[in-house]
Amino acid sequence: MDWKQQYEKWKSKIGLDKNIKEELLQFEDDEKSLEDCFYKNLEFGTGGMRGEIGPGTNRMNIYTIRKAAQGLAQFIKKAGQEAADKGIVIAHDNRRMSKEFALEAAYTFGANGVKTYLFKELRPTPELSFAVRELNTHSGAMITASHNPPEYNGFKVYGEDGGQLVPEEADRLIAMVNAVEDELDVKTEDAEKLEQEGLLEWVLEDIDARYQEQLETVLIDKELIRQTGDDLSIVFTPLHGTAQEPMTRAFEKAGFTNVNVVEQQATPDTEFSTVKSPNPEEREAFELAINLGEETGADVLIAMDPDADRVGLAVKNNEGKYQVLSGNQTGALMLDYLLKKKKEKGLIPSNGVVIKTVVTSEIGRTIAESFGVKTLDVLTGFKFIGEKIRQFEESGEYTFLYGYEESFGYLIEPFARDKDAIQAGLLAAEMCAYYKQEGMTLYEGLLSLFDTYGYYYEDLASFVFKGKEGAEKIQRIMSEFRNDISNGNLSEGVYAVEDYKTSVRHLISNGDTETIDLPQSNVLKILLEDGSWYCLRPSGTEPKIKCYFGVKEDSSDLAHKRIDEIKQNVLEKVNNI
């Protein structure tokens, strides 16, 4: 069925949601927009699905949500009656249609006889991950598009360990979602009937309290906080999202009393009206926090994305200006502080392990090695960190100490199995209190890490290519870079090329190959002889391709110069494809 036939099917559907029908009428004379809405099914990938809200098979709407929920219901039921009875817990953030999508999913699960626990109000992603484990459900679902623009929403799926599904499990689920032939005919049931039958149960404050209790285990040096908690000045912003209540509550319970919240961004807002993008990776998102920080003389500014799984920090640099730290810098500082304190208290186990992604800075490995701790690499995506935690709990091979990725995601204690900004916010505050007690700013602490371990610098460039043409361009870019391997058309100084799609590491100097013991993924990493590297990775949830860069040099100037050289060469090629 081509896109025009799909459009006509939706348009003529009796009982079609009136809002969607109105949107279709608005697009009636815009063939290009209609084609983009219907030319394919919105892809359900390993992390669930994410897309623009609107009508059609290639958009997030109540019908594509029902299709995803129907496939997941079948996935749960195939695991047996016990799995259906254990059921699923659903949470949602404050985005457009998030609550409506959560309800539609619950009504679909209930119609399939799958017990559903539904958070009555918005909650952060890490609390959903925690709730899966705490309620002992078979699955979890989070309605969120994280830090994407307001027109996006998504459906993320979690397994019974509280982690996002790994590829093998996700592939089975994807097949079941794709097997749902007609999203317009998925059956639902009303809330009252589901409640009477015990198939719908509302999640209340009890889970909040249990999550807050677990947050206290993140703190390492409570005496330090007792001594300095009143003095450390924190500015916090949830960027209009879900973190306001859980984070301020956690700060208060821990003993950080000097916390100023950016009031303009404290209330959940579907449009994220005070920021261009609710993304703590971008300095623009800190603008109001910086203003408040300058008024209050804050030691640290802490910002979280709408679903509170990512956190960013800004601290004063040597010029007295607030500087947003990169995810790699924050991750390295946290890791160094964590291991330093655990060593003081004799809490580093002999089989301790740090887990990071392949595009995350190598400084973490160097820091961990200095404490006698092993570092493991996984593919990009926190689900792979969660998978390793589960494996190590079962095997006893390693004891998890810390997991992180360069895109502002951190996990300290595994009571959640996804990145947790609330946990990271607490540890960041404790870490800042430590440096303040030492007479140092956090920025000075970062410089001391560089002095000790080397100047590791990283950068990231992202290209957004929307629609059908954009998807084709991203494929061409990856193909061109892969063709360079087979054609021997690699630039001077390349040591090895790691192609995670084929699980092969190509050693350029002698032509040998090695197997990469990780799941296959459309990622290409080029390693240079001087220890620098760059990596290309199409996003699995957004219409973009990301280019990562990393170097290590003996000084800041040399590191900046080297990374600019590599970045210029790579981006020039990307732009010419």
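This tour visits a pocket and then a pair of helices in a predicted model.

Residues are numbered from 1 along each chain as its sequence is written. Local features need pLDDT of at least 70 and side-chain atom pairs pLDDT 80 or more, while totals for chains, interfaces and linings use all residues, and side-chain values use heavy atoms, without hydrogens or water.

Begin by selecting Glu281, Glu282, Phe408, Asp459 and Leu460, which lie nearest the centre of the second largest pocket, among the 47 residues that line it. A pocket here is an open set of points on a 1 Å grid where a 1.4 Å probe fits, with protein on both sides within 12 Å along at least five of seven lines, and lining residues have an atom within 4 Å of a point. The space in this second largest pocket is about 1200 Å³, a volume being the space filled by probe spheres set on the points.

Next, colour β16 (455–464), which gives the most to this lining, with eight residues; strands are DSSP runs of E, at least two residues long, and helices runs of H or I, at least four. Elements that each supply at least two lining residues also include α18 (442–453) and α20 (556–576).

Finally, show Ile477, Glu480, Phe481 and Asp484 in α19, which meet Val570, Lys573 and Val574 in α20, contact meaning heavy atoms within 4.5 Å.
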